[in-house]
Amino acid sequence: MRLSPFLLLLPAMAIADGQKPLKEKAAAWFNKAKSYIPSVTPPSPVDAGETAVAGVMVETITKINWRRKMLSTTGSPNNGPREWLVMFSGNTSCYGRCEQPDKAFNESAAILASTLSPPRLGRIDCDKDNLLCTTWSASIPEIWHFLISVPAGGQSSVPSPLHTVPVYPKNVTAQDIVKIHTEKAYLNRPEYTGAYHPIDGWLQQFGLLEPLGYVIWAVGSTPSWLFMIGVSFLSRQLMARRVGGGRPGSTGIRPPAQAGAAQQ
């Protein structure tokens, strides 16, 4: 806080108010001093409470821990499917549109915690873990609803249905997110069974999903100017080989002396 401009004006103010009683002078100076102090709105206790509940209820999902957190058999209800709501967010990744969806998701955490069988909640920050969002080919902002099943005896694998629920940044509310669980609103969206399914997709089953994610992420992170330089370099090399008959370093043009000897 800087009050130096006001302090410099104190002598002039004292001369101008020389005829006023000291008490009135002090009150006037105090009121002027308050005008230089920026007003700060204290944080809402409701918002602070929602953020605290979300910090406890919502798991931070990353590329490193998602298997341990989401595929663990610990705490599964009677070996039945475990319900997950995973929010894909990131203020930079969604061009500043994630403030309202993040607020709604925090509010929904407090409501979902009081339901009879609350789902597991997770958040993936695509600003910090862009590789995971790219590997899963996720849109931002978006909520993925999983029913992750634990394999029973004699079963090698159990399907884990996935429904992707879009989030509308301007008007999404906590109740919209709560309804995904309480009213099974995720069933309004078709089940995703494509290759990029992080658990059941064939890319994941053959161990290709993560390498492909690295490739897509690397291509997307490469500056366009560097990509163009690489394309130009490769095209020049191909043209040189074609003109030179495929011999490295050959251009296909003979020196004048050799050309004259050939004509003789």
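A residue counts as buried when its relative accessible area is under 20%. The model on screen is predicted, and this tour starts from a residue that meets that cut-off.

**Stop 1: Trp136.** Select Trp136. Its relative accessibility is 3%, so Trp136 is buried. Trp136 sits in the loop between H6 and S4.

**Stop 2: Trp66.** Which arrangement do the rings of Trp66 and Trp136 adopt? The pair is edge-to-face, with 5.0 Å from centre to centre and 90 degrees between the planes.

**Stop 3: Phe88.** Why is the pair of Phe88 and Trp136 classed as edge-to-face? Their planes meet at 70 degrees, and the class applies because planes over 60 degrees apart count as edge-to-face. The ring centres are 6.3 Å apart. This pair also links distant parts of the chain: Phe88 belongs to strand S2, 48 residues from Trp136. With a relative accessible area of 0%, Phe88 is buried.

Stop 4: The model has 5 aromatic pairs in total.

**Stop 5: the largest nonpolar core.** Now display the largest nonpolar core, a set of 23 residues. Met70, Phe88, Ile124, Trp136 and Phe146 have the most contacts inside this core. At least two core residues come from each of helix H4 (66-70), strand S2 (82-89), helix H6 (130-135) and strand S4 (142-148).

**Stop 6: Met70.** Centre the view on Met70. Which residues does Met70 contact, leaving aside neighbours within four places in sequence? They are Ile61, Arg82, Trp84, Val86, Trp136, Phe146 and Ile148.

**Stop 7: the second core.** Clear the selection and pick Val165, Val172, Ile177 and Ile180. These residues are among the 16 that make up a second, separate core.

**Stop 8: a surface patch.** Finish with Trp202, Phe206 and Leu208, which make a nonpolar surface patch of about 380 Å². Phe206 is found in the loop between helix H8 (202-205) and helix H9 (209-221). Is Phe206 buried or exposed? Its relative accessibility is 63%, so Phe206 counts as exposed, the cut-off for that class being over 50%.

Terms used:
Residues numbered from 1 in each chain as written. Predicted model: local features only at pLDDT ≥ 70, side-chain atom pairs only at ≥ 80, totals over all residues. Heavy atoms only, no water. Core = buried A, V, L, I, M, F, W, Y, C linked by side-chain atoms within 4.5 Å. Buried < 20%, exposed > 50% of the residue type's maximum accessible area, 1.4 Å probe, protein only. Helix = DSSP H or I, 4+ residues; strand = E, 2+ residues; numbered from the N terminus. Contact = heavy atoms within 4.5 Å. Phe/Tyr/Trp six-rings, centres within 6.5 Å; stacked < 30°, edge-to-face > 60°. Patch = residues over 30% accessible without salt bridge, like charges linked within 9 Å, V, L, I, M, F, W, Y side chains within 5 Å. Areas by Shrake-Rupley, 256 points an atom, 1.4 Å probe, with all protein chains shown as cover. Salt bridge = Lys/Arg side-chain N within 4 Å of Asp/Glu carboxyl O.
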